[in-house]
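Dear colleague,

Please find below the structure that I am handing over to you. My notes on it follow directly after.

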Amino acid sequence: MAVPTLTATHHRAVATLLSAPRLAPYLRACGGNVRAALTLYQWNVEMSSAVYKMLHLVEVFLRNAIDAELRIWNSTQVDPRTGRAHAAEWLLDPSRLIERVVRRDEIDKATRRAVLAVRDSSTGPRAVTHDDILAQMMFGTWRFLLPSKDPGRRFLWRSAISMAFPHLDRPVADLVRDVDGLYRLRNRIAHLEPLLPGGAVVKRHLRATRRVLEAVDPSAAQWLVSHQTVSSMIAEMPVATPEMPNGPLSDN
């Protein structure tokens with residue numbers, strides 16, 4: 001099939017369907033040029049994809065590191081109702097503190113999503129496992145398990161979660177700030193928001209990604225940075241503005 005030649009009519013049709021409010025930031029960055037704004041919009045879609053792939057790995061690494069420590073800690077907690085220790089599978093048998101800090105309703109919602117995922121899989125009928133539920137927990141779970149003014153979170157950090165970051169060599173408040181920034185960036189992408197101004201913002205989050213993972217395992221951080229494609233996307237940005245400088249991302 002021959003690729004059609006795109007004309008001003010095509011560009012106007014696409015701009016109309018995207019809507020004026022959605023396209024406005026791109027038009028401002030391109031001096032009102034519709035064709036250039038659409039090119040920048042497409043770049044933003046591809047940049048969002050590159051950032052999301054990076055955040056996907058960050059979330060999985062972070063989730064599994066915290067999960068490993070919560071499994072150990074939860075199995076040491078005695079259930080006052082039975083007098084027996086809780087299971088390591090803290091999402092199936094959460095201690096009272098985990099149930100409060102993680103929030104029972106969030107665990108229940110993740111469990112319902114896990115039930116549907118298992119039902120729709122090709123593995124056939126089976127019971128939902130801890131790992132099934134873990135995979136359905138939101139990024140916000142790991143962000144809001146980090147210490148805050150809440151005494152329960154602070155206790156859980158000291159007792160368990162801090163061990164998920166054995167290489168942390170800076171104040172924990174800095175770690176919380178970095179993870180919070182990645183959590184907010186993920187929400188921006190999930191809601192299809194523009195990453196404008198893109199260069200400085202995304203560079204900052206890439207550095208935050210490396211710092212977070214270095215606290216967990218420096219080798220994982222190096223692996224992720226070497227495989228990310230965000231740097232090349234910055235270099236391929238179709239227009240340069242004062243807020244969106246061209247050029248590769250620095251690893252510093």
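Which residues does Arg170 touch, not counting residues up to four places away in sequence? They are Leu175, Asp178, Arg211 and Val212, where contact means heavy atoms within 4.5 Å. Arg170 itself lies in the loop between helix 7 (151–159) and helix 8. Its C-alpha atom is separated by 38 Å from that of Gln42, which is 128 residues apart from Arg170 along the chain.

Before the remaining findings, a word on the basis of these notes. This is a predicted model, in which local features need pLDDT of at least 70 and side-chain atom pairs count only at pLDDT 80 or more, while totals for chains, interfaces and linings use all residues. Residues are numbered from 1 along each chain as its sequence is written, and side-chain values use heavy atoms, with hydrogens and water left out.

The pLDDT is the predictor's confidence in each residue, from 0 to 100. Its mean over the protein chain is 89, and 92% of the residues reach 70 or more. Over residues 241–252, however, pLDDT stays under 50, and the model has 37 contacts beyond four places in sequence for this stretch. Where pLDDT is low, the predicted coordinates should not be read in detail.

The protein chain has 11 helices and 0 strands; helices (H or I, at least four residues) and strands (E, at least two) are DSSP runs, numbered from the N terminus. Along the principal axes, the C-alpha atoms fill a box of roughly 75 × 45 × 30 Å.

Helix 3 (residues 34–74) and helix 8 (residues 172–190) have axes that come within 10 Å and cross at roughly 135 degrees. Axes here are lines fitted to C-alpha atoms, for helices over the stretch in contact, and angles run from 0 to 180 degrees between N-to-C directions. The two helices are therefore oblique to each other (angles under 35 degrees count as roughly parallel, over 145 as roughly antiparallel, 65 to 115 as roughly perpendicular and the rest as oblique). Helix 3 passes helix 8 in a left-handed crossing, that is, with the near helix turned anticlockwise from the far one by less than a right angle; clockwise would be right-handed. Helix 3 contributes Ser48, Val51, Tyr52, Leu55, Val58, Glu59 and Leu62 to the contact, and helix 8 contributes Val179, Leu182, Leu185, Arg186 and Ile189. By class, this contact of helix 3 with helix 8 has 9 nonpolar, 1 polar and 2 charged residues (Ala, Val, Leu, Ile, Met, Phe, Trp, Tyr, Cys and Pro count as nonpolar, Asp, Glu, Lys and Arg as charged, and the others, Gly among them, as polar).

Helix 2 also packs on helix 3: their axes come within 8 Å and cross at roughly 115 degrees. That makes helix 2 roughly perpendicular to helix 3, and the crossing is right-handed. The contact is formed by Arg22, Leu23, Tyr26, Leu27 and Ala29 of helix 2 with Val34, Ala37, Leu38, Leu40, Tyr41 and Asn44 of helix 3. These residues divide into 9 nonpolar, 1 polar and 1 charged.

The structure also holds 5 aromatic pairs. In one of them, the rings of Tyr26 and Tyr41 have centres 5.0 Å apart and planes at 65 degrees, so the pair is edge-to-face. Rings of Phe, Tyr and Trp (its six-membered ring) pair if their centres lie within 6.5 Å; planes under 30 degrees apart count as stacked, over 60 as edge-to-face and the rest as tilted. Tyr26 lies in helix 2 (residues 20–29) and Tyr41 in helix 3, so this pair ties together parts that are 15 residues apart in sequence.

With kind regards
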